[in-house]
Amino acid sequence: MTSDIQRIVVIGGGQAGGHACKTLRAAGFDGHLVVIAEEPHDFYERPPLSKASITADAPLPRLFSASSLAELDIDWRRPQRAIAIDRAAQHVVLDDATRLPYDRLLIATGSRPRLPVAEWASLDRVMTLRSWNDACLLKERLANSRRVGVIGGGWIGLEVASSARQLGLQVDVFERDPALCGRSVGTEVAQAIRELHEHNGVGLSLAHRDIRLSEERDGRVTIKANGKAPEPYDLVVVGTGVEINLELARDAGLKTEYGIVVDAAGHTSDPRVFAAGDVAQHPHLGLCLQSWAYAQNQARVVASAMLGEKAHYDEPAWLWSDQHGVNIQILGVPSGATHGVIRHAPEGPIFFYLDADHRLVQMVAFDQPRAIKLGKRWLASQRVLDPNALADPDFELMSLR
Ligand SMILES: Cc1cc2nc3c(=O)[nH]c(=O)nc-3n(C[C@H](O)[C@H](O)[C@H](O)COP(=O)(O)OP(=O)(O)OC[C@H]3O[C@@H](n4cnc5c(N)ncnc54)[C@H](O)[C@@H]3O)c2cc1C
């Protein structure tokens, strides 16, 4: 570890910030560790917020136990916002004008829900879901609702739809594109997800380019899509993607594209400043993944690099979603695939997308986590696969370990 590092500041008390702090201490950093966190809570993870946090009496999904957290010896600045980074002076400026010096800085500011129409924010019964506070409010509102409208047929919208059905509510999803989750999976997967939702009683309205919301006198919300408006909804949840929280970095003159541009060790264009999690553009894929695994594992690598260790993040994209009791795992991204193979196994379907040389590019598995583990090995070894064998449900995939 480099001895000139006495003060580390982390902006963002989320998943990436938490795992970075844990790694810094585990690697022997015993200097001053400051976390600037806009939210008042201890580090927590977000996947449960669209699932158990709204369907059950689940507590804040903390990343660490109280004793593990205390051992990190963090100087918390919360709830407070970082409003500027003065790179020349190596200071972070807080919303109360405090200036915090740093030797190394980690930006782990995540992302925020994007609203397609700014005015929707003023509608009382229209909401988005990002934080624990949002999840608590959503849970309370679901308890007082009969009909729920969801705008956006991506992962978060569909998970909210699934949770609302689990609570016995009527749910309709409105999506702009003709397919669900169209930006991250192929048409065959989108169709399977569609069937899963239809089978579980979710109303799906796809290919609605023009979606308008209006508030009724009683507060309920009418969703008008392509000129048609069903009965108003008690609650509308908008899940139409995110904005990356990269303003601090951009205003400080760091290189940004979709997110903050980082190398495989998380270095930004300033050698003293690093970025991790949603806000850090994937070093190889050139896009911002919003994935639990990336927020955890990339942040761990970056924390090691902050202390001067040789570190390199090279994991493939991997995320999961739970909908109507089915665990869907997505490994890799669809770009570069030339053809797809579907395996209709008794446990659930697996969708393989291969390149022209029959190497795996992306894989989506329903209720088959072991197959995904195998896929990770195939990706790492660039294994050439036989499409006929993959498609044959009698062929033992594990023989390709
Ligand atoms: C509802 C929901 C469900 C999800 N489900 C899944 C799933 O099933 N599987 C999966 O793989 N991924 C899932 N994800 C994605 C995953 O949770 C995110 O990719 C992950 O949380 C990103 O971690 P992060 O630390 O980069 O950002 P965050 O966890 O968002 O943390 C960033 C923190 O920084 C704070 N912050 C921002 N700006 C400032 C500032 N200027 N000053 C101080 N603090 C600031 C924010 O308030 C926030 O607390 C889900 C996300 C959500 C919202």
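This briefing describes strands, salt bridges and a charged surface patch in one protein structure. The model is predicted: local features need pLDDT of at least 70, side-chain atom pairs count only at pLDDT 80 or more, and totals for chains, interfaces and linings use all residues. Residues are numbered from 1 along each chain as its sequence is written, and side-chain values use heavy atoms, with hydrogens and water left out. Helices (H or I, at least four residues) and strands (E, at least two) are DSSP runs, numbered from the N terminus.

**The parallel sheet**

- Strands of a sheet pair through backbone hydrogen bonds, either parallel or antiparallel.
- Two strands are said to pair if DSSP finds at least two bridges between them.
- Five strands form an open sheet in the order β9-β15-β10-β11-β12, and their pairing is parallel.
- At the edges stand β9 (126-127) and β12 (203-205), each of which pairs on one side only.
- Strand β10 (residues 147-151) runs parallel to strand β11 (residues 170-174), and five bridges join them.
- Valine 148 has valine 171 in β11 as its bridge partner.

- β4 and strand β5 (residues 91-94) run antiparallel and are joined by four bridges.
- Opposite alanine 82 stands leucine 94 in β5.
- The hairpin of β4 and β5 has four residues between the strands, and glutamine 90 takes a positive phi near 55° there.
- β5 is joined to β6 by three bridges, and these two strands run antiparallel.
- Leucine 100 in β6 is the bridge partner of valine 92.
- The hairpin formed by β5 and β6 has four residues between them, and alanine 97 in its turn has a positive phi of about 75°.

**Salt bridges**

- Side chains of opposite charge can pair when their charged atoms come close.
- A salt bridge here is a side-chain nitrogen of Lys or Arg within 4 Å of a carboxyl oxygen of Asp or Glu.
- By this rule the count comes to 23 salt bridges.
- Aspartate 86 forms a salt bridge with arginine 99, with the closest N and O atoms 2.5 Å apart.
- Because aspartate 86 lies in strand β4 (residues 82-86) and arginine 99 in strand β6 (residues 99-101), the pair ties together parts that are 13 residues apart in sequence.
- Arginine 194 and glutamate 198 form a salt bridge whose closest N and O atoms are 3.2 Å apart.
- Both arginine 194 and glutamate 198 lie in helix α6 (residues 187-199), four residues apart, about one turn of the helix.
- Glutamate 231 forms a salt bridge with arginine 220, and their closest N and O atoms are 3.7 Å apart.
- Glutamate 231 lies in the loop between β14 (221-225) and β15 (235-238) and arginine 220 in the loop between β13 (211-215) and β14, so this pair ties together parts that are eleven residues apart in sequence.

**Exposure and the positive patch**

- Residues are buried under 20% relative accessible area, exposed over 50%, and partly exposed in between (1.4 Å probe, protein chains only).
- Aspartate 86 is partly exposed, with a relative accessible area of 25%, and arginine 99 counts as partly exposed at 41% relative accessibility.
- Arg370, Lys373, Lys376, Arg377 and Arg401 form a positive surface patch.
- Such a patch is made of residues with over 30% relative accessible area and no salt bridge, and like charges are joined within 9 Å.
- Arginine 370 lies in helix α9 (residues 369-381) and counts as exposed at 54% relative accessibility.

Key. Patches are made of residues with over 30% relative accessible area and no salt bridge: like charges are joined within 9 Å, nonpolar side chains (Val, Leu, Ile, Met, Phe, Trp, Tyr) within 5 Å. Accessible areas come from the Shrake-Rupley method with a 1.4 Å probe; for residues, only the protein chains shown count as cover. Lys and Arg count as positive and Asp and Glu as negative; His and the chain ends are not counted. The place of a charge is taken as NZ of Lys, CZ of Arg, CG of Asp or CD of Glu.
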